[in-house]
Amino acid sequence: MQIIYDSKTGNVKRFADKLPFEDKQPLQQDTHIDQPFILITYTTGFGNIPPSTEEFLAKNAGNLVGVAASGNRIWGANFAKSADTISARYNIPVFRKFELSGTSSDVETFTQEVNNVTTKTKQHSTMG
């Protein structure tokens, strides 16, 4: 499963670097994704989706199967809210909301979610 990440301060990149998956790449605006992918992004302002992520999703949301986001718990209800907003907008699950660059528990939970959706995607493609 391809993982695309959008990182501003390096926290999301550090989280992605901890993941045991090979198919990870930074978000690039000129990239067209033609297969299922998972997005990891950050939250900006008061719980907003970063403009770079918004622009990318405008072209690539059709293959989005899950989202995770970083944030800082000092923002309370707005903590990693970009994941909630993307989830609601595109009707996909939130795999994990993590603080800063995430803990080993965050990595483990996210990895399990990716493995679950990868298994379901493979089963669906062989049944179709």
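Which residue forms a salt bridge with Asp 84? The views below concern a predicted model, in which local features need pLDDT of at least 70 and side-chain atom pairs count only at pLDDT 80 or more, whereas totals for chains, interfaces and linings use all residues. Residues are numbered from 1 along each chain as its sequence is written, and side-chain values use heavy atoms, with hydrogens and water left out.

**View A. Salt bridge between Asp 84 and Lys 97.** The partner of Asp 84 is Lys 97, with the closest N and O atoms 2.7 Å apart. This pair links distant parts of the chain, as Asp 84 belongs to helix α3 and Lys 97 to strand β5, 13 residues apart. Helices (H or I, at least four residues) and strands (E, at least two) are DSSP runs, numbered from the N terminus. A salt bridge requires a side-chain nitrogen of Lys or Arg within 4 Å of a carboxyl oxygen of Asp or Glu. Asp 84 is partly exposed at 31% relative accessibility, and Lys 97 is partly exposed at 24%. Here buried means under 20% relative accessible area, exposed over 50%, and partly exposed in between (1.4 Å probe, protein chains only). Five salt bridges are found in the whole structure.

**View B. Salt bridge between Glu 99 and Arg 73.** The N to O distance for these side chains is 3.7 Å. Glu 99 lies in strand β5 (residues 94–99) and Arg 73 in the loop between β4 and α3, 26 residues apart. Glu 99 is partly exposed, with a relative accessible area of 27%.

**View C. Salt bridge between Asp 17 and Lys 13.** The closest N and O atoms of this pair are 2.9 Å apart. Both residues lie in helix α1, four residues apart, about one turn of the helix. Asp 17 is partly exposed at 46% relative accessibility, as is Lys 13 at 38%.

**View D. Nonpolar surface patch of Phe 46, Ile 74 and Trp 75.** The patch covers about 400 Å². Patches are made of residues with over 30% relative accessible area and no salt bridge; like charges are joined within 9 Å, and nonpolar side chains (Val, Leu, Ile, Met, Phe, Trp, Tyr) within 5 Å. Accessible areas come from the Shrake-Rupley method with a 1.4 Å probe; for residues, only the protein chains shown count as cover. Ile 74 lies in the loop between β4 (64–71) and α3 (81–90). Ile 74 is exposed, with a relative accessible area of 71%.
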